[in-house]
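Q: I would like to learn how to read the features of a protein model one at a time, moving from the general idea to the particular case. Could we work through one together?

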Amino acid sequence: QVQLVESGGGLVQAGGSLRLSCAASGSIFSINAWGWYRQAPGKQRELVAAITSGSSTNYAASVKGRFTISRDNAENTVYLQMNSLKPEDTAVYYCNAHRLHFGQRLYDSWGQGTQVTVSS
């Protein structure tokens, strides 16, 4: 019901920056939470950053101070600005959108993922 398309991934050297974009379409009115997750080879998928309709944000401890999540409601786009990238940030990054309703995830949607590779 909600379609998400990520872009902006690529290869970058350690210390560099990337900005990921997640363009949303469909039943956007149903969404009250957006997030970026990542999954590295051999590791569990983890939450990187999240933002709610009230603009509250949450970050993984490993990215605090380096990554910033934001959204542009007019463009139905969520961004992840990644600065001071480290090799351990290398992963496939996924955009997520859902409606949190009394602790349950509804309209849970995922993008196809975009590869971020940070070289040392």
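Q: Is the link of Cys22 and Cys95 left-handed or right-handed about the S-S bond?

A: The model is a predicted one, and in it the link of Cys22 and Cys95 is left-handed, with -85 degrees about the S-S bond. The sulfur atoms of Cys22 and Cys95 are 2.0 Å apart, and a search of the whole structure finds 1 disulfide.

Q: Which strands hold Cys22 and Cys95, and how many residues apart are they?

A: Cys22 belongs to strand β3 and Cys95 to strand β9, 73 residues apart, so that the pair links distant parts of the chain. Cys22 counts as buried because its relative accessible area is 1%, under the 20% cut-off, and Cys95 is likewise buried, at 0% relative accessibility.

Q: Which residues form the covered face of strand β7, and which the uncovered one?

A: In β7, residues 67-72, the covered face consists of Phe67, Ile69 and Arg71, whereas the uncovered face consists of Thr68, Ser70 and Asp72. Phe67 illustrates the covered side, since at 2% relative accessibility this residue counts as buried.

Q: Which residues is Phe67 in contact with, once its neighbours within four places in sequence are left aside?

A: Leaving aside those neighbours, Phe67 is in contact with residues including Arg38, Val48, Tyr59, Leu80, Met82, Leu85 and Tyr93. Phe67 and Val48 are 19 residues apart in sequence, and their C-alpha atoms are 8.6 Å apart in space.

Q: In which sense do β7 and β8 pair, parallel or antiparallel, and over how many bridges?

A: Strand β7 and strand β8, residues 77-82, pair in the antiparallel sense over 6 bridges. Within this pairing, Arg71 has Val78 of β8 as its bridge partner, and the hairpin of β7 and β8 has 4 residues between the strands.

Q: Which strands pair with β11?

A: Strand β2, residues 10-13, pairs with β11 in the parallel sense over 4 bridges, while β9 and β11 run antiparallel and are joined by 3 bridges. As reference points for tracing the two pairings, Gln13 stands opposite Ser119 in β11, and Ala91 has Val116 of β11 as its bridge partner.

Q: What is the phi of Asn76, and where does this residue lie?

A: Most residues other than glycine have a negative phi. Asn76, in the loop between β7 and β8, has a positive phi near 50 degrees, and this residue is partly exposed, with a relative accessible area of 31%.

Q: Where is Ser55 found, and what is its phi?

A: Ser55 is found in the loop between β5 and β6, and although it is not a glycine, its phi is positive, at about 70 degrees. At 46% relative accessibility, Ser55 counts as partly exposed.

Q: Is Ser27 buried or exposed, and which residues does it touch?

A: A loop position should be read residue by residue. Ser27, in the loop between β3 and β4, counts as buried because its relative accessibility is 10%. Not counting residues up to four places away in sequence, Ser27 touches Gln1 and Val2.

Q: Is Gln104 buried or exposed?

A: Gln104, which has its place in strand β10, residues 104-110, counts as exposed because its relative accessibility is 52%, over the 50% cut-off. The C-alpha atoms of Gln104 and Tyr93 are separated by 23 Å, although the two residues are 11 apart along the chain.

Q: How much space lies in the largest pocket, and which residues are closest to its centre?

A: The largest pocket holds about 190 Å³ of space, and of the 16 residues that line it, Ala33, Ala50, Thr52, His98 and Leu100 are the closest to its centre. The elements that give two or more residues to this lining are β4, β5, β6 and β9. By residue class, the lining divides into 7 nonpolar, 8 polar and 1 charged.

Definitions and conventions:
Residues are numbered from 1 along each chain as its sequence is written. This is a predicted model: local features need pLDDT of at least 70, side-chain atom pairs count only at pLDDT 80 or more; totals for chains, interfaces and linings use all residues. Side-chain values use heavy atoms; hydrogens and water are left out. On a 1 Å grid over the protein atoms alone, a cavity is a set of points where a 1.4 Å probe fits but cannot get out, and a pocket is an open set with protein on both sides within 12 Å along at least five of seven lines; lining residues have an atom within 4 Å of a point. Grid points are joined across faces, edges and corners, and a volume is the space filled by probe spheres set on the points. Ala, Val, Leu, Ile, Met, Phe, Trp, Tyr, Cys and Pro count as nonpolar, Asp, Glu, Lys and Arg as charged, and the others, Gly among them, as polar. Buried means under 20% relative accessible area, exposed over 50%, partly exposed in between (1.4 Å probe, protein chains only). Two strands pair if DSSP finds at least two bridges between them. Contact means heavy atoms within 4.5 Å. A disulfide is a pair of cysteine sulfur atoms within 2.5 Å.
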